[in-house]
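Try each task before you read its solution.

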Amino acid sequence: MRGAIVKSSHNTSTNPIAPLNIMTAAEKLYQLIQTLPENEINEVLNFAEFIYQKHPPIAQPQAIPSGTLTGLRGIAKRSGQAKNDSELQVEYTDYLTQKYQ
């Protein structure tokens, strides 16, 4: 529930957090922790670490920017044995010669 918006329904006269009626859950938690004694903060921390271990965040795959050659990797593959560097150089030279004549 990261980044969830929380509406405070507490009375502003008794709740030090109430002046900000709309805040994320993380912001509200941070403000609440500021008012707790150290031993209770440690309890909250232990619980948060327990939850984190139980449900670790899923790593988002990094998108390959469009227009990069790495985005084409694996799309086309020649059948048979791969050509060596000199064969590739000759083939590419022939291709360029034919293209720009």
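**Exercise 1. Find which residues Leu36 touches, not counting residues up to four places away in sequence.**

Start by placing the residue in this predicted model: Leu36 sits in the loop between α1 (25-34) and α2. Next, look for heavy atoms within 4.5 Å. Leaving out residues up to four places away in sequence, Leu36 touches Ile41 and Val44.

**Exercise 2. Work out how the rings of Tyr92 and Tyr95 are arranged.**

A pair of aromatic rings is described by two values, the distance of the centres and the angle of the planes. First, locate the residues: Tyr92 and Tyr95 both belong to helix α3 (residues 85-99), where they are three residues apart, about one turn of the helix. The count of aromatic pairs comes to one. For Tyr92 and Tyr95, the ring centres are 6.0 Å apart and the planes lie at 25°, so the pair is stacked. The cut-off needed here is that planes under 30 degrees apart count as stacked.

**Exercise 3. Find the salt-bridge partner of Lys83 and say how far apart the closest N and O atoms are.**

The nitrogen and the carboxyl oxygen must lie within 4 Å. Lys83 meets this with Glu91, as their closest N and O atoms are 2.2 Å apart. The salt bridge count comes to one. Now compare each residue with the limits for partly exposed, between 20% and 50%. Lys83 has a relative accessible area of 39% and is therefore partly exposed. Glu91, at 30%, is also partly exposed.

**Exercise 4. Identify the nonpolar surface patch that includes Ile51.**

Begin with Ile51, which lies in helix α2 (residues 38-54). Its relative accessibility is 33%, so Ile51 counts as partly exposed. A patch residue needs over 30% relative accessible area. Together with Phe47 and Phe50, Ile51 forms a nonpolar patch on the surface, and the three have about 300 Å² of accessible area together.

**Exercise 5. Describe the protein as a whole, from its elements to its surface.**

Count the secondary structure: there are three helices and two strands. Read from the N terminus, the order is β-β-α-α-α. Then turn to burial, where 8% of the 101 residues count as buried. The accessible surface comes to about 9500 Å², with 58% of it belonging to carbon and sulfur atoms.

Definitions and conventions: Residues numbered from 1 in each chain as written. Predicted model: local features only at pLDDT ≥ 70, side-chain atom pairs only at ≥ 80, totals over all residues. Heavy atoms only, no water. Patch = residues over 30% accessible without salt bridge, like charges linked within 9 Å, V, L, I, M, F, W, Y side chains within 5 Å. Areas by Shrake-Rupley, 256 points an atom, 1.4 Å probe, with all protein chains shown as cover. Salt bridge = Lys/Arg side-chain N within 4 Å of Asp/Glu carboxyl O. Helix = DSSP H or I, 4+ residues; strand = E, 2+ residues; numbered from the N terminus. Buried < 20%, exposed > 50% of the residue type's maximum accessible area, 1.4 Å probe, protein only. Phe/Tyr/Trp six-rings, centres within 6.5 Å; stacked < 30°, edge-to-face > 60°.
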